[in-house]
Amino acid sequence: MEKYHQRLPVLLKERHGFLPLLRANAQDVARDKNGSASASVANSLRFVAVAGYVLHQDIQSFRANLAESAGIRLRLFERFEAGEPISKSYVAMLAYKSLFNAVAAGEFQLASDLAARMGGRSAIEKEYDHRFDYALGYTLRAFVLSDRPQMQDWAEKFGEVCRDKANRNFQGYARMFEAMLGADTDEANAALMVLVNGHEKESKGKGVFRDSEDEGLCVWGIGMANIARRHGMAVVPVPPLIPDNLLV
């Protein structure tokens, strides 16, 4: 974390500098024919959101940029459904990462709109989604939409996936989903601690969050805590990775 954190100010300045060009590319019909230019804007906005909070505790930037990033991903779904030649990878269940952005920003209507367009594309999902991403995507979708039967079904399936050795650092998420099903706030708080511990492990070695802005902030965990609060559970923050001022 220390080495990457030292580079973060320079990286943040660079991303800010690139954004005008990336936005211009996204407005160019030819450059954005398959949605790749829009996706680049969405990725940069997410980086600016997270890095800006890690370095400056900029809450407004965090929420606004995450929301805009998720909104761009929603638009890619809409364009795909309208028949545009959007890359199929943008409408796979990997979109759960953008769904986390929306709920971390506290934008629940945006999250619901995005979740409603996710799923049901078996051929695309088979091509682009790994087992973990597929299960987490459908589970998160169900909880955002408050679809109780789907919540129960997918929480169980995701729990099985997290029992695999390769996914053990994400067991906190599985426990969190189960706690929300049972409206067990104490268990949800315990699950958040496990979730954060897993995030710290995934920020080292060959972890998925290593050398990324996520080393300093657990965006997925913030999203999970916000969903729990949305479901009426008074879960507590786990600073610094899940800070109180980013919870709704």
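This is a predicted model: local features need pLDDT of at least 70, side-chain atom pairs count only at pLDDT 80 or more; totals for chains, interfaces and linings use all residues.
Helices α4 and α5 are roughly antiparallel to each other, a description that rests on the angle between them, since an angle over 145 degrees counts as roughly antiparallel, and helix α4 (residues 96-104) packs against helix α5 (residues 108-117) at an angle of about 160 degrees. The axes of these two helices lie 7 Å apart, and the crossing that α4 and α5 make is left-handed. On the side of α4, the contact is made by S98, L99, A102 and V103, while α5 contributes F108, L110, A111, L114 and A115. If these residues of the contact of α4 with α5 are sorted by class, eight are nonpolar and one is polar, with no charged residue among them.

Along its principal axes, the C-alpha trace spans about 50 × 40 × 30 Å. Buried residues make up 53% of the 248 residues, and, among contacts between residues at least 6 apart in sequence, 64% join residues that are at least 24 apart.

A second pair of helices can be read in the way that was used for the opening pair. Two packed helices are described by the angle between their axes and by the distance between those axes. For helix α9 (residues 171-181) and helix α10 (residues 185-201), the axes come within 8 Å and cross at roughly 165 degrees, and that makes α9 roughly antiparallel to α10. Where α9 passes α10, the crossing is left-handed.

Which residues of α9 and α10 make the contact? From α9 come G172, Y173, R175, M176 and A179, and from α10 come E187, A188, A190, A191, L192, V194 and L195. By class, the contact of α9 with α10 has nine nonpolar residues, one polar residue and two charged residues, whereas the contact of α4 with α5 has no charged residue.

Technical notes: Residues are numbered from 1 along each chain as its sequence is written. Side-chain values use heavy atoms; hydrogens and water are left out. Axes are lines fitted to C-alpha atoms, for helices over the stretch in contact, and angles run from 0 to 180 degrees between N-to-C directions. Helices (H or I, at least four residues) and strands (E, at least two) are DSSP runs, numbered from the N terminus. Angles under 35 degrees count as roughly parallel, over 145 as roughly antiparallel, 65 to 115 as roughly perpendicular and the rest as oblique. A crossing is left-handed if the near helix is turned anticlockwise from the far one by less than a right angle, and right-handed if clockwise. Contact means heavy atoms within 4.5 Å. Ala, Val, Leu, Ile, Met, Phe, Trp, Tyr, Cys and Pro count as nonpolar, Asp, Glu, Lys and Arg as charged, and the others, Gly among them, as polar. Buried means under 20% relative accessible area, exposed over 50%, partly exposed in between (1.4 Å probe, protein chains only).
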